[in-house]
Structure formats: structure tokens, C-alpha cells
Amino acid sequence: MRGLPASRVADPGLAGAGRARIAWADAQMPVLRQVRERFAAQRPLEGLRIAACLHVTAETAALMRALLAGGAQVGLCAANPLSTRDDVAAALAEVEGAAVFARRGEAPEEALDELVAWRPQLTLDDGADLIVALHEADALEDYLGGLEETTTGLVRLRALAAAGALHRPVLAVNEARSERVFNDRYGTGQSALDGIVRATNMLLAGRTLVVLGYGPTGQGVAQRARGAGAVVVVCEIDPVRALEARMEGYEVMPALAAAERGDVFVTVTGVRDVLRAEHFQVMKDGAVLANAGHFDVEISLGELRALAIEPPVELIPLVEEYRLEDGRRLHLLTGGRVVNLAAGEGHPAEVMDISFAGQALAAEYLAGDGAALPAGVQPVPDGLDVEVARLKLEALGVRLDALSADQQAYREGWTPPVAAPSPAPGSAP
């Protein structure tokens with residue numbers, strides 16, 4: 001077995017605080033706890049090298065503990081330099097079988113190289129950085145496949161697959177039904193606004209908040225913003241999603257028109273340059289710009305800097321002010337990085353319970369029957385998704401109805417009644 005590389009964290013002395021934080025998250029993650037207990041008994045990941053490039057939070061540590069309980073060795077690096085909890089990294093680095101390469105503010109490139117050199121057999125990604133790095137290094141000899149939990153990462157991987165350059169199966173855990181509902185709508189919907197409020201202490205009620213992108217994540221942001229008393233405007237390129245937003249009672253308009261109206265802008269599209277110079281030039285004085293998409297490309301930082309007459313000033317932590325030639329000021333949060341993690345705690349543990357339980361089960365599947373899947377982006381088996389939802393409902397004390405045998409037969413085997421034959425033409429009635 002390849003030796004596990006040595007951890008690199010900011011301060012091992014923070015481990016005590018990290019253990020307490022992990023324990024708090026674990027208490028709110030009953031589904032993942034059930035998976036971990038089964039893994040400890042059955043050891044379905046025995047001897048596997050699993051590398052993860054994820055946000056280094058207490059909830060992620062709970063997932064790593066489940067994989068370790070299943071018999072794996074795990075290596076973890078940070079997907080975002082501003083989302084790392086140094087105390088959590090220190091605590092996880094103490095656990096036998098775990099290696100952690102994460103320090104808040106440190107970019108992940110060096111850690112990616114160390115994990116690639118370790119030759120992992122499975123990967124867990126938040127943005128496809130680790131999977132891409134393995135392919136670029138041609139380090140696939142032991143690699144079975146991976147999991148991807150973001151829309152942005154799946155876009156990258158599907159582009160690789162279309163070019164014939166994705167050589168292993170990758171499960172699209174972000175597209176599992178339970179993941180879409182919990183993580184995107186309820187998770188980001190709450191945590192994005194929480195990050196904005198933490199960074200600014202602003203009142204959302206009465207303000208106009210513009211949501212750019214009305215996928216599951218944008219739907220959650222819009223829903224929570226309206227609940228906080230904001231006037232919500234939605235910008236979309238997809239007619240069906242735009243129609244849905246309109247039917248939900250939101251104003252729908254092009255981004256350039258919304259730029260004149262908005263007090264707060266939240267990008268959640270997964271594509272670059274959603275807010276550009278043409279938008280900045282018509283925004284109100286004091287407008288707040290936040291990104292809840294994955295990478296820091298949705299707000300065009302280069303064009304914002306080019307419009308500013310002086311370097312940005314950090315007014316308060318995580319809030320930069322850009323002063324334009326006509327005196328207007330635009331306020332960028334967290335340098336354009338994902339605001340819910342850079343300024344807040346990320347998704348609540350109850351949300352990540354669903355997401356990470358699904359990832360643990362997907363890792364088990366990929367290490368077993370899923371290893372025979374063809375190369376490319378593959379869906380999560382529906383049975384796995386249903387099992388996660390069932391465990392969550394069980395933890396909540398919720399019971400469901402079930403179809404009777406007759407109802408099931410009716411639903412699956414109904415055929416139209418046979419009509420009596422029509423009389424032959426010209427015959428007597």
C-alpha cells in the first residue's frame with residue numbers, strides 16, 4: 001500500500017477546538033452517522049486510497065470519518081482557500097489514516113500535486129480540480145473513478161468527455177434528486193444570504209435583490225430573500241426557468257435592466273462574466289455584489305478593476321469598495337469567491353448530512369459494482385438516492401404511505417379495455 005503523505009495544516013494546536021466543532025456537526029448529521037456505523041461493521045472501502053478536494057469544514061470532516069470507518073485511507077485538500085477551517089483541518093489530521101493539506105488562505109495547487117503523486121483510487125471533487133489534475137498527470141493506473149458535487153465541475157467534466165479526454169467514470173452526485181433539493185435549494189438558499197448578512201450586517205427587507213440564475217440554487221436564494229422581505233428580481237437565459245420564476249411572482253428581466261434596479265446582486269449561474277462593465281456602469285451607488293456560484297469568475301473582476309479610479313479599499317473584513325469615476329461606489333464581497341463559505345459557515349450540517357451521506361454511498365458503489373461503468377459522467381443510481389431520503393425521513397420520524405399490491409399492479413400493468421369489433425362495411429347493424 002502506498003504510504004500516506006504527511007499532513008500540512010496551519011496550527012496543530014487548534015485540534016481541540018476542531019474536535020469540538022466536528023462533534024457539534026456530527027450530532028446534527030444522523031443519516032451520515034448511520035452510514036458510518038454500517039461502514040465500520042462491513043468495511044466496504046477496505047484498503048482504498050480516497051482523495052478529496054472539498055471545502056474543509058466540520059461537515060466535510062464527518063464525511064472523511066465515514067470513509068475512514070469503511071476502511072479507506074483519505075487525503076483531503078481545500079477546494080477554496082477562504083472556506084478552510086484551520087481548527088477542523090488540525091483535528092482531522094490527528095486521525096489515523098487521514099492526511100490533510102489545508103490552510104486558510106492557501107491555494108490548493110501544491111496540495112493537488114501531493115494527492116496526485118499519492119495515486120488515489122477514488123476521488124471526491126468540488127469543481128473537478130482533482131479529477132482534471134489526475135488526467136493531466138496521466139496518473140490513472142490505479143484510478144477507478146470519482147464523484148463530482150458541483151454543476152460547474154460537471155460542466156468541465158462533460159467537456160472533457162465530449163473531447164474524448166475523460167477516461168474513468170464520474171458519478172454526478174450534484175444531480176441526484178436529494179442533493180438538488182437539499183443542498184442547492186435549501187442549503188445555498190440559506191447560507192448565501194447568511195454570508196451576505198454576516199459580511200455586511202445589512203437589512204434585506206425593503207431592498208431589491210437580483211438573482212442571476214434560477215436553477216435550483218437560484219430558486220433557493222430567491223425564496224429566502226423574499227422571506228427576508230426583499231423585492232426579488234430574477235435574470236435567466238432559459239425560457240422555462242424564467243417562466244417558472246414569473247409564475248412564482250418574481251419580476252423577470254435582462255441583467256442590464258436589473259442592474260439599474262438592484263441594491264444587492266447574487267450570481268448563481270456556473271458561467272463566467274455574468275456581471276460585466278456594462279452592468280457596473282449603470283448600478284446604483286452602494287450596490288453590493290456577491291457570488292454564490294462555484295468559482296470567482298461570475299463577477300468580472302478584471303472589468304470592475306478597470307472601471308475603478310483607484311485600487312479597492314477593504315472597508316470592513318470581506319467587503320471591498322470600488323470607486324468609479326463618477327463617484328459611485330460598488331461593494332464586492334469576499335473577492336468574488338463563494339460568499340456562503342468565505343463569509344459564513346456554509347450549509348447547515350442538516351443539509352450536508354444528506355449531501356455527504358449520498359457521497360459516502362456513492363463511493364461505496366463506485367468501489368464495487370460501479371467500477372465497471374464506462375468512462376464519462378454517469379448518474380447516481382436512483383436506489384442510492386432513495387435510500388438517502390429514506391434514512392433522512394426515518395431520522396425525522398416521518399412515515400410514508402405505500403401502494404398495495406393491487407395498486408402497484410394497476411400502475412404498472414394497466415392496459416386499455418378491448419373494444420368490440422366494428423361491423424364490416426355494408427353489413428346490417
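**Figure 1. Where helix α8 meets helix α16.** In this predicted model, R177, S178 and F182 from α8 touch D382, D385, V386, V388 and K392 from α16. Sort those residues by class and you get three nonpolar, one polar and four charged. The two helices cover residues 177–200 (α8) and 382–396 (α16), and their axes come within 8 Å, crossing at roughly 45°. That angle is why α8 counts as oblique to α16: it falls between the roughly parallel range, under 35 degrees, and the roughly perpendicular one, 65 to 115.

**Figure 2. Inside the largest nonpolar core.** This core is made of 56 residues, and I50, L63, M64, L67 and L124 have the most contacts inside it.

**Figure 3. Zooming in on M64.** Who does M64 touch once we skip its neighbours within four places in sequence? The list is A52, L54, V74, L76, L92 and L124.

**Figure 4. Stepping back to the whole protein.** Here you can pick out 17 helices and 16 strands. The protein has a radius of gyration of 24 Å, close to the 22 Å that the globule rule gives for 429 residues, so it is as compact as a globular protein of that length. Its C-alpha atoms fill a box of roughly 95 × 65 × 45 Å along the principal axes. Of the 429 residues, 51% are buried. Among contacts with a separation of 6 or more, 69% link residues 24 or more positions apart.

Notes: Residues numbered from 1 in each chain as written. Predicted model: local features only at pLDDT ≥ 70, side-chain atom pairs only at ≥ 80, totals over all residues. Heavy atoms only, no water. Axes fitted to C-alpha atoms, helices over the stretch in contact; angles between N-to-C directions. Helix = DSSP H or I, 4+ residues; strand = E, 2+ residues; numbered from the N terminus. Parallel < 35°, antiparallel > 145°, perpendicular 65-115°, else oblique. Contact = heavy atoms within 4.5 Å. Nonpolar A, V, L, I, M, F, W, Y, C, P; charged D, E, K, R; others polar. Core = buried A, V, L, I, M, F, W, Y, C linked by side-chain atoms within 4.5 Å. Buried < 20%, exposed > 50% of the residue type's maximum accessible area, 1.4 Å probe, protein only. Rg over C-alpha atoms; globule rule 2.2 N^0.38 Å.
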